[in-house]
Amino acid sequence: MILANAFCLFFFLDETLRSLASPSSPQGPELHGWRPPVDCVRANELCAAESNCSSRYRTLRQCLAGRDRNTMLANKECQAALEVLQESPLYDCRCKRGMKKELQCLQIYWSIHLGLTEGEEFYEASPYEPVTSRLSDIFRLASIFSGTGVDPVASAKSNHCLDAAKACNLNDNCKKLRSSYISICNREISPTERCNRRKCHKALRQFFDRVPSEFTYRMLFCSCQDQACAERRRQTILPSCSYEDKEKPNCLDLRSLCRTDHLCRSRLADFHANCRASYRTLTSCPADNYQACLGSYAGMIGFDMTPNYVDSNPTGIVVSPWCSCRGSGNMEEECEKFLRDFTENPCLRNAIQAFGNGTDVNVSPKGPSIPATQAPRVEKTPSLPDDLSDSTSLGTSVITTCTSIQEQGLKANNSKELSMCFTELTTNISPGSKKVIKLNSGPSRARLSAALTALPLLMLTLAL
Amino acid sequence: RRRARARSGAHACGLRELEVRVSELGLGYTSDETVLFRYCAGACEAAARVYDLGLRGLRQRRRVRRERVRAQPCCRPTAYEDEVSFLDVHSRYHTVRELSARECACV
């Protein structure tokens, strides 16, 4: 144990020193010529400061506000306005989830983009900035919480959804906003009216916008072994109020309804952008980004398109909005296609399952392919105190990581295993784009560090 | 030893917290959820006022006999937490108001 601790301490110090010495650290993106897109509220200010831009923008808005959008856009003046505005900062502006003035930002976005799309498209571009950060941190937490690697009997008995509720109740902010949406969504108005759906949706949106995702995702995407757990998971959003309705509308009608609302339309477009099944990636998710998919799924809760688990089946996860494809007429195929993005989407399914199991994908350019539902790399070891499962500190996970490396063998000169530990630590300390650089310069560095590590280890072994 | 404790203020009136299962509260709810229960505990001797001393004196002289009186301040919540919600074993949600203390004082 002493040896293990000394070992870990050394790794940690070494990593700290290297990150201090390394010039390529935190600023990341700017160095690679990538600039964050201007948000539409700011772009609007820039446009307003310019007389040509602002007058064209006013014209376009009048064009789009007309009764029949298509005939108005056929107008020469409207066309000219659109052409000029494609050169302005308004054209490629984006919005952020939960930003100040989000609705205003989205209104500006759609005022330009509605004019650009030819009628109704199946998939629309997302007005939201792409999510760049990876879920590693949250995934790691999830894996610690889920306690995988402990004895399988205890693990099968534990209810992760109950643990997630506990974690929320013990956090003041999460508890407050959870209790708030529960009491609103659970309040019966009259025998015929189960609740105030509008207020319930609003409270749910506040919960998912203002509570950190390490709490909200854990409740929403917890993994289950039995029905009681799965029922709790299904009940998270109080579906009898927020989800179910007297009638099940047709999915394409529901989509049209959603598209009349700027927020709902944007969240749906974001879901399509981030959860659309891809056949070119390992995980079936665009850019193997689970976080973006889970985030945009959760982003639809509290709107007309609110999705939920359709039943309390513990392992066969099926989610769907409250709609069906009955009465689609000749649009049956399109309707089924739309619905399948929820019900039979391998990206969404993998993302939910990977979160439940506490596994993030670690796809490196040359790295070995890791199946999406692989056992977590971070393992809890018997030598660690039992109350680890309640700990959320980063320090713990660093130690855990190192200990698991330890278990893989104490051959200090095996640079391959050591470099794995380094990659792990590197991702722990600074997730994101930096990882690629690290991997490229990996081997030589790892070998150097391995040599450095071998020294004190040898000394320690001799001393013992 | 007792003195040392009093000096360090370890037992002064204040908020304490406990993680409890909802069922343990004995309120009739059957839920396995864990909530944070905050309560007020601690000594209030230092907070005695002339009122308390006067009342004690009158009680000793049996001028106050019939009523139940309290001649020392008591550590009680002065504010409560709004609400806490939980799901019970029958998949029904419940919201309980003012379950937990938010502030304590010797009153």
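B:Arg62 is exposed, with a relative accessible area of 61% (exposed means over 50%, buried under 20%, partly exposed in between; 1.4 Å probe, protein chains only). The model is predicted: local features need pLDDT of at least 70, side-chain atom pairs count only at pLDDT 80 or more, and totals for chains, interfaces and linings use all residues. Residues are numbered from 1 along each chain as its sequence is written, chains are lettered from A and ligands numbered from 1 in the order in which they are written, and side-chain values use heavy atoms, leaving out hydrogens and water.

**Exercise 1. Place B:Arg62 in chain B and describe its phi.**

Step 1. Find the loop between α2 and β3 (75–80) of chain B; B:Arg62 lies there. Helices (H or I, at least four residues) and strands (E, at least two) are DSSP runs, numbered from the N terminus.

Step 2. Look back along the chain.

Step 3. Read the backbone angle. B:Arg62 has a positive phi of about 60°, although it is not a glycine. Most residues other than glycine have a negative phi.

Step 4. B:Glu98 sits in the loop between β5 and β6 (101–106) of chain B.

**Exercise 2. Describe the build of chain B: what is its pattern of helices and strands, and how spread out is the chain?**

Step 1. Count the elements. Chain B has two helices and six strands.

Step 2. The pattern is α-β-β-α-β-β-β-β.

Step 3. Compare the radius of gyration with the globule rule. Chain B has 19 Å, well over the 13 Å that the rule gives for 107 residues, so the chain is more spread out than a compact globule. The radius is taken over C-alpha atoms, and the rule is 2.2 Å times the number of residues to the power 0.38.

Step 4. Take the box along the principal axes. The C-alpha atoms of chain B fill roughly 60 × 40 × 20 Å.

Step 5. Check burial. Of the 107 residues of chain B, 30% count as buried.

**Exercise 3. Which residue of chain A meets B:Glu33 in a salt bridge, and are the two buried or exposed?**

Step 1. A salt bridge is a side-chain nitrogen of Lys or Arg within 4 Å of a carboxyl oxygen of Asp or Glu. Side chains of opposite charge can pair when their charged atoms come close.

Step 2. Find the partner. B:Glu33 meets A:Arg178 at 2.9 Å, N to O. The pair crosses between chains: B:Glu33 is in the loop between β1 (14–21) and β2 (34–41) of chain B, and A:Arg178 is in helix α10 (residues 172–185) of chain A.

Step 3. Check burial. B:Glu33 is buried, at 0% relative accessibility. A:Arg178 is buried as well, at 2%.

Step 4. The whole structure holds 19 salt bridges over all chains. One network of them links A:Asp172, A:Lys175, B:Glu17, B:Arg38 and B:Glu81.

**Exercise 4. Which parts do the bridges A:Arg194–A:Glu244 and B:Arg97–B:Glu83 tie together?**

Step 1. Start in chain A. A:Arg194 and A:Glu244 meet at 4.0 Å, N to O. A:Arg194 lies in the loop between α10 and α11 (197–210) and A:Glu244 in the loop between α14 (239–242) and α15, so the pair ties together parts 50 residues apart in sequence. A:Glu244 is partly exposed, at 24%.

Step 2. Turn to chain B. B:Arg97 and B:Glu83 meet at 3.8 Å, N to O. B:Arg97 is in strand β5 (residues 93–97) and B:Glu83 in strand β4 (residues 83–87), so this pair ties together parts 14 residues apart in sequence. B:Arg97 is exposed, at 55%.

**Exercise 5. Which residues form the negative surface patch, and where does A:Glu332 lie?**

Step 1. List the residues. A:Glu332, A:Glu333, A:Glu336 and A:Glu344 form the patch. Patch residues have over 30% relative accessible area and no salt bridge; like charges are joined within 9 Å, nonpolar side chains (Val, Leu, Ile, Met, Phe, Trp, Tyr) within 5 Å.

Step 2. A:Glu332 is in helix α18 (residues 332–343) of chain A. A:Glu332 is partly exposed, at 38%.

Note on methods:
Areas by Shrake-Rupley, 256 points an atom, 1.4 Å probe, with all protein chains shown as cover. Lys, Arg positive; Asp, Glu negative; His and termini not counted. Charge placed at Lys NZ, Arg CZ, Asp CG, Glu CD.
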